[in-house]
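This report describes one protein structure in plain terms. It covers some backbone details and then the sheet with its helices.

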Amino acid sequence: MSLRMDLTARAVAARARLSPFRDVDQLRGRPYPEPAAVPKDLRRSHELTREEVAGRPVLRLTPRAGADGSHLIYLHGGAFVNPLLPAHWWIIREVVKNTGTTVTVPLYRLAPEGCADEGYEFLAAAWADLVARPSVDRIVVAGDSAGGCLAIGLAMLLRDTGLRAPDHVVGFSPALDVTATHPAVREIDPHDPMLSTDEVVPLCQAWAGDRSLTDPLVSPVHGDVDGLPPVHLVQGGRDILAADALGFARALQRAGNPGRLLYEPGAFHVYVGAWWTPEAQRAIRHVRSLL
């Protein structure tokens, strides 16, 4: 583990201790949260448009220097209840830096206001809208944490309905099993500087709605991985989601999936957001190469 990663993990842990926990009941009736503004440097390099698909907003960032036909669909994390944050924009900025990639950010309705059925209906519509456009060549679908779950779930949904698949799928510390029944989850919990199982799991479970917690669109680890496009997992070891990600990576490997696992034992949840660390930079270079 690099010194930068160690210092960042300490800062993340300190911030987590100061952040008040809100359970699902506290979220009901809240003012619906707005996404973080696009950073100035990303707006300088990309033109921002806001569209509406199936009644939900979709943000589109087109490179001002010229688009090359590659597209990144980014699905943000936040335990399915929190909005897109500045750190999500940092990840997007670093991945598409110095590329001609156009970015699409569908803003799915958060739980407890929204649920998985509604979310996937919207994501499928956003996907159909994108692939129907001219000059859409390579498409990478990526997401972090809850968004990583959605990225993989969307790939499963597209496969099962016989529609065009993404060229690659990327999960940054994806939430793959909201049941959190893997025994290693509780073992890792005291060493995770960001997440607490007892706090996060009920929030993720609220997203399921009427679906079973083991439904593959809610917990992809319980789904069939055959026939998926290349799935790349970027995972840190100091993360309660690590054991499920490693198990899912093994299932992908057994199925002959050509995606890669990038595993950093000393890194924390969605460590790629700490773009100033060498661990994150290695992951970003790999994902950028997919575009």
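Asn98 is located in the loop between helix 4 (86–96) and strand 4; helices (H or I, at least four residues) and strands (E, at least two) are DSSP runs, numbered from the N terminus. The model is predicted: local features need pLDDT of at least 70, side-chain atom pairs count only at pLDDT 80 or more, and totals for chains, interfaces and linings use all residues. Residues are numbered from 1 along each chain as its sequence is written, and side-chain values use heavy atoms, without hydrogens and water.

Asn98 has a positive phi although it is not a glycine. Ala54, in the loop between strand 1 (46–53) and strand 2 (56–63), also has a positive phi. The table gives their values; exposed means over 50% relative accessible area, with a 1.4 Å probe and protein chains only.

| Residue | Phi | Relative accessibility |
|---|---|---|
| Ala54 | near 50° | Ala54 61%, exposed |

The peptide bond from Ala111 to Pro112 is cis, with omega near 0°. Pro112 belongs to the loop between strand 4 (102–106) and helix 5 (116–131).

Eight strands make up an open sheet of mixed pairing, in the order 1-2-4-3-5-6-7-8; two strands pair if DSSP finds at least two bridges between them. Strand 1 and strand 8 (261–268) are at the edges with a single partner strand each, so one side of each has no neighbour in the sheet.

Strand 6 (residues 168–172) pairs with strand 7 (residues 231–238) in the parallel sense over four bridges. Within this pair, Phe172 stands opposite Val234 in strand 7.

Definitions and conventions. Buried < 20%, exposed > 50% of the residue type's maximum accessible area, 1.4 Å probe, protein only.
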